[in-house]
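User: Can you walk me through this one? I'd like to start with what you mean by a contact.

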Amino acid sequence: MKSEQQYIELFEQCRQMLSSHSCEVMDSLRDEAFTTFQRLGLPNRKVERYKYTDAQEAFAPNYGLNLNRLDIPVNPYDVFKCDVPNMSTLLYFIVNDAFHSKELPKYQPEEGVIITSLKDAATRYPELVMKYYGQIAKKAETPLSTTPEGQYVDGEFIPMHKNNEPDAITALNTMLTQDGLFIYLPKNTVQDKTIQVINILTSKVDLMVNRRVLMVLEEGAQAKVLFCDHAMDDVNFLTTQVVEVFAAKGSSLELYELEETHVKNKRFSNLYVQQHEESKVTLNSLTLHNGYTRNMTYVGLVGEQAEVNLYGGVIADKKQHVDNHTLVDHQVPKCISNELYKYVLDEEAVGAFAGRILVRQEAQQTESQETNANLCATKTAHMYTQPMLEIYADDVKCNHGATVGQLNEAALFYMRQRGISLEEAKLLLKFAFVGEVIDKVDLEPLRDRLHYLVEKRFRGELNKCTGCKLCK
Amino acid sequence: MEKTDQEKNKLVREVADRKYEYGFTTDVHTDIIDKGLNEEVIRLISARKEEPEWLLEFRLKAYRYWLTLDMPTWPHLQIPEIDYQAISYYADPTAKKKDGPKEIDPELMKTFDKLGIPLEERLALSGTAVDAVMDSVSVKTTFKETLREKGIIFCSISEAVKEHPDLVKQYLGSVVPYRDNYFAALNSAVFSDGSFVYIPKGVRCPMELSTYFRINAANTGQFERTLIVADDGAYVSYLEGCTAPMRDENQLHAAIVEIVVNEQAEVKYSTVQNWYPGDSEGKGGVYNFVTKRGHLRGADSKLSWTQVETGSAITWKYPSCVLSGDNSQAEFYSVAVTNNYQQADTGTKMIHIGKNTKSTIISKGISAGKSQNSYRGLVKVDARADGARNYSSCDSLLLSSTCGAHTFPYIDVKNDTAIVEHEATTSKISEEQLFYCNQRGIPAEEAVGLIVNGYAKDVLNKLPMEFAVEAQKLLSVSLEGSVG
């Protein structure tokens with residue numbers, strides 16, 4: 001039996017239950033998503049954009065779902081103490097896929113800013129949520145297959161970037177999700193305090209979680225958001241997550257994602273960003289500890305002079321698997337994109353990076369840079385990298401580079417000569433290697449904390465944050 | 001500025017109106033078998049070529065396997081559906097009319113003369129031996145005797161099957177098995193002629209070997225098969241050139257080139273591909289679907305691919321290297337030019353298996369008109385390939401706002417001692433460089449020519465002398481002035 005079958009059956013049997021614990025807005029897209037999912041099925045490695053991650057296999061085991069929204073008793077502060085020191089944040093918790101409204105931050109967000117459960121928001125402000133929910137993910141053109149589609153009109157080939165080729169995981173998430181997070185910033189609001197969201201996975205049995213996040217920044221709004229993923233219990237988790245970000249004219253967003261889960265966690269996260277004129281978005285994802293991770297990022301630049309920065313750092317060992325798949329879609333002129341991903345792979349870890357930059361014919365004066373650098377520390381660690389450029393405009397400056405290599409012999413020698421042990425010297429170099437990504441973090445306390453966490457990670461102390469029950 | 005734009009537009013028109021200078025046809029009696037593809041046709045080809053039983057079996061196995069395959073859809077190409085039953089798989093321009101003269105038809109000699117490939121040894125450029133292939137048959141191989149004195153075998157593959165069956169049997173399909181891909185299976189079933197080269201141990205081939213491919217007959221496909229074996233310590237430089245007449249329908253060319261490089265041997269393979277690219281409306285042109293691969297079997301062996309791709313309506317070609325021998329070295333240098341409605345998806349595969357193996361990839365893409373030009377390359381480092389080293393650099397130059405340049409590199413590394421680097425840039429001709437040239441009195445057209453030639457220099461420098469001249473000429477004809 002193909003693995004999608006159990007999800008199709010689940011949906012057919014539990015359609016009613018899904019709706020009764022959700023809301024109208026989220027319900028409205030379910031059937032369409034179901035049809036899409038049935039058509040697509042779960043991708044295996046033969047699907048080009050899932051070449052390195054087999055979703056068929058990952059979704060095959062049987063997981064429980066909390067469709068009846070049973071309350072899971074948890075006191076997040078009890079288990080979570082690895083707050084970033086020296087940084088006072090607006091701290092929110094999402095337990096599995098439910099917004100934890102019992103613990104709200106001490107501080108209030110700026111006036112007009114809404115940070116709440118997606119389900120509640122959709123009930124309270126249906127029109128607002130309806131306007132954005134599922135729209136970017138649905139419309140996001142994901143021309144991730146490399147065959148150009150198009151037609152000949154009077155002998156002229158008009159390329160069409162595979163429209164409406166939705167992602168199966170996004171469809172699955174849309175049909176099964178019941179709650180998540182909603183962040184809304186009205187026009188010209190500057191949210192000074194960082195919004196920190198802790199995703200906690202907790203369960204007594206193997207659990208599948210379908211989380212949904214919607215972020216809307218109106219014209220000129222500014223925000224910084226930090227997501228931290230943690231897994232509490234020693235069971236198998238399968239998470240699908242769809243994050244949609246709508247950045248209106250002149251808005252600015254810094255979005256940090258930090259994954260510190262465990263080897264039994266499978267994560268499929270699809271992030272869709274739509275950027276309008278002069279908006280600036282920085283995405284920084286750091287995988288410190290995980291099991292099987294697939295992050296897909298789609299950025300649609302639809303307004304002129306928008307700028308996007310994508311940064312990613314991966315540290316993996318054991319049999320961990322991290323696949324980052326990005327697509328930056330330059331649709332209009334004068335946009336800028338920068339991409340930097342760095343991997344350090346040890347033991348039997350598998351890393352994959354596929355970065356695709358699409359510059360459409362209209363997108364003249366595009367500036368785009370893509371860099372992927374990787375360190376393989378053992379013979380059994382595998383790295384697959386695919387930095388792709390697809391360019392249909394001529395007045396552009398695009399370049400990309402990828403390297404796979406080891407630590408610099410000369411640098412190691414230099415340090416040993418000065419009495420630093422080989423182990424320590426290697427550590428320092430690895431640390432500096434990933435450091436480049438961390439240095440892109442604008443929030444100073446977070447940057448310091450990340451440096452600290454990465455160092456600990458390399459020292460083999462994994463993701464153990466002091467005093468944190470989660471990580472024991 | 002406006003004036004320069006006008007000038008440029010004029011140049012664009014000139015280039016668009018330019019005629020493909022090899023587009024003539026030869027009026028020669030050609031024996032063409034009926035269109036269609038089935039086991040009977042394969043038996044017929046095999047019978048015409050008087051092949052042994054084992055080769056017929058090889059063809060049939062390949063054909064049966066081909067039937068189970070689907071046309072690949074992964075390339076970044078728009079390939080109209082190909083009707084494999086509408087093509088004739090064998091055309092012999094050397095077939096004699098009854099009671100005809102026994103000599104090679106003078107029309108054929110004239111054709112090759114016109115193409116600049118004289119088949120009379122006394123007229124030939126010194127130092128190059130030529131195997132001239134038209135449609136499905138090798139017309140003549142020059143300097144065969146001179147080479148034989150050194151023990152070098154240089155002849156058409158059909159001849160080799162008859163005269164050196166053991167060698168052919170040993171190596172045919174050993175580098176590109178018929179199960180390799182769709183077009184490899186097709187070629188293995190219906191291949192007609194091509195060259196066979198065997199360089200014995202320790203022999204340095206004294207002259208350049210060259211094969212010139214020409215499609216002449218209409219509604220036929222050409223399925224060349226070339227096999228080059230360089231035994232221990234041997235050296236050979238091999239050149240390949242090709243042209244076709246201008247026809248409104250598309251013609252299919254599906255070739256296989258296999259190269260075996262043994263211990264300490266070195267092979268240089270250079271191609272100037274100039275099949276008919278179709279007219280400025282995108283009508284006609286050759287579909288060029290080629291599987292080329294070299295196997296560096298021995299330690300310290302060396303293989304270098306150099307290609308200048310200017311022709312064909314659609315190009316699907318990845319000259320590859322399997323580096324099995326320790327310390328073996330492979331190189332891939334490519335200039336791919338697409339104009340009008342041409343499409344190219346080309347690149348290489350470097351598969352590192354032996355220890356301390358090294359590979360270099362330099363690819364320069366130039367797109368103009370409404371063409372699509374893609375680089376696709378794989379660098380794979382096996383777990384056994386300690387100390388493997390690769391450097392890849394792919395640059396694309398865009399000469400119009402309606403063309404596309406794409407890069408799809410795949411890097412798979414399974415060894416911690418490997419160093420793999422890839423870099424790519426895409427840009428249009430720099431305004432500054434153009435301005436600088438203009439300012440010094442160099443007109444726009446010449447300036448573009450200068451810049452493009454400079455851009456492609458890294459690759460052109462790798463070509464043998466005669467070819468380099470030809471390639472440079474081709475480049476300038478293809479591109480000068482096509483900047484919009």
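Analyst: Two residues are in contact if their C-beta atoms, placed from the backbone, lie within 7 Å. One thing to keep in mind is that this is a predicted model.

User: Fine. Which residues does B:I152 contact, leaving aside neighbours within four places in sequence?

Analyst: B:I152 is in contact with B:L147, B:Y198, B:I199, B:V203 and B:C205.

User: Where is B:I152 found?

Analyst: In chain B, B:I152 is in the loop between helix 5 (144-148) and strand 5 (153-156).

User: Buried or exposed, B:I152?

Analyst: B:I152 counts as buried, because it has 23 C-beta neighbours inside 10 Å. The cut-off for buried is 20 or more.

User: Other loops. What is phi for B:S312?

Analyst: Phi of B:S312 is near 70 degrees, which is a positive value in a residue other than glycine. B:S312 sits in the loop between strand 14 (302-309) and strand 15 (314-317) of chain B. It counts as buried because 30 C-beta neighbours lie inside 10 Å.

User: And phi for B:N340?

Analyst: B:N340 is not a glycine either, and its phi is positive at about 50 degrees. The loop in this case runs between strand 17 (329-338) and strand 18 (343-346) of chain B. B:N340 has 21 C-beta neighbours inside 10 Å, so B:N340 counts as buried.

User: Switching to helices. At what angle do helix 9 and helix 10 of chain B pack?

Analyst: Helix 9 (residues 431-439) and helix 10 (residues 444-460) of chain B pack at about 130 degrees, with their axes 9 Å apart. The two helices are therefore oblique to each other. Helix 9 of chain B passes helix 10 of chain B in a right-handed crossing.

User: Which residues meet there?

Analyst: From helix 9 of chain B, B:Q433, B:L434, B:C437 and B:N438 meet B:A444, B:A447, B:L450 and B:I451 of helix 10 of chain B. By class, the residues of this contact are six nonpolar, two polar and no charged.

User: Now chain A. How do helix 10 and helix 11 of chain A cross?

Analyst: Helix 10 (residues 409-417) and helix 11 (residues 422-438) of chain A cross at roughly 130 degrees, and their axes come within 9 Å. Helix 10 and helix 11 of chain A are therefore oblique to each other, and their crossing is right-handed. The contact is made by A:A411, A:L412, A:M415 and A:R416 of helix 10 of chain A with A:L422, A:A425, A:K426, A:L428 and A:L429 of helix 11 of chain A. Those residues divide into seven nonpolar, no polar and two charged.

User: How many residues of helix 9 of chain A are buried?

Analyst: Nine of its nine residues are buried, the helix being residues 168-176.

User: What is the crossing angle of helix 3 and helix 9 of chain A?

Analyst: Helix 3 (residues 30-40) and helix 9 of chain A cross at roughly 145 degrees, with axes that come within 8 Å. Helix 3 of chain A passes helix 9 of chain A in a left-handed crossing. On the helix 3 side of chain A the residues are A:R30, A:A33, A:F34, A:T36, A:F37 and A:L40, and they meet A:A168, A:A171, A:L172, A:T174 and A:M175 in helix 9 of chain A. The contact has eight nonpolar residues, two polar and one charged.

User: Give me chain A overall. How many helices and strands are there in chain A?

Analyst: Chain A has 12 helices and 22 strands. Of its 472 residues, 54% count as buried. Among the contacts in chain A with a separation of 6 or more, 83% are between residues 24 or more positions apart.

User: Which residues touch the most other members of the largest nonpolar core?

Analyst: A:L217, B:V197, B:A230, B:V236 and B:V267 do, in a core of 266 residues. Not counting residues up to four places away in sequence, B:V267 touches B:I228, B:A230, B:V236, B:Y238, B:I259, B:V261, B:G294 and B:L303.

User: Last one. How many residues does the contact take from chain B and from chain A?

Analyst: It takes 38 from chain B and 39 from chain A. On the side of chain B, strand 23 (404-413) and strand 24 (419-428) each supply at least two residues. That side has 14 nonpolar, 16 polar and eight charged residues.

Technical notes
Residues are numbered from 1 along each chain as its sequence is written. Chains are lettered from A and ligands numbered from 1 in the order in which they are written. This is a predicted model: local features need pLDDT of at least 70, side-chain atom pairs count only at pLDDT 80 or more; totals for chains, interfaces and linings use all residues. Axes are lines fitted to C-alpha atoms, for helices over the stretch in contact, and angles run from 0 to 180 degrees between N-to-C directions. Helices (H or I, at least four residues) and strands (E, at least two) are DSSP runs, numbered from the N terminus. Angles under 35 degrees count as roughly parallel, over 145 as roughly antiparallel, 65 to 115 as roughly perpendicular and the rest as oblique. A crossing is left-handed if the near helix is turned anticlockwise from the far one by less than a right angle, and right-handed if clockwise. Ala, Val, Leu, Ile, Met, Phe, Trp, Tyr, Cys and Pro count as nonpolar, Asp, Glu, Lys and Arg as charged, and the others, Gly among them, as polar. A residue is buried if 20 or more other C-beta atoms lie within 10 Å of its own, exposed if 12 or fewer, and partly exposed in between; C-beta atoms are placed from the backbone. A nonpolar core is a set of buried Ala, Val, Leu, Ile, Met, Phe, Trp, Tyr and Cys residues joined through C-beta atoms within 7 Å.
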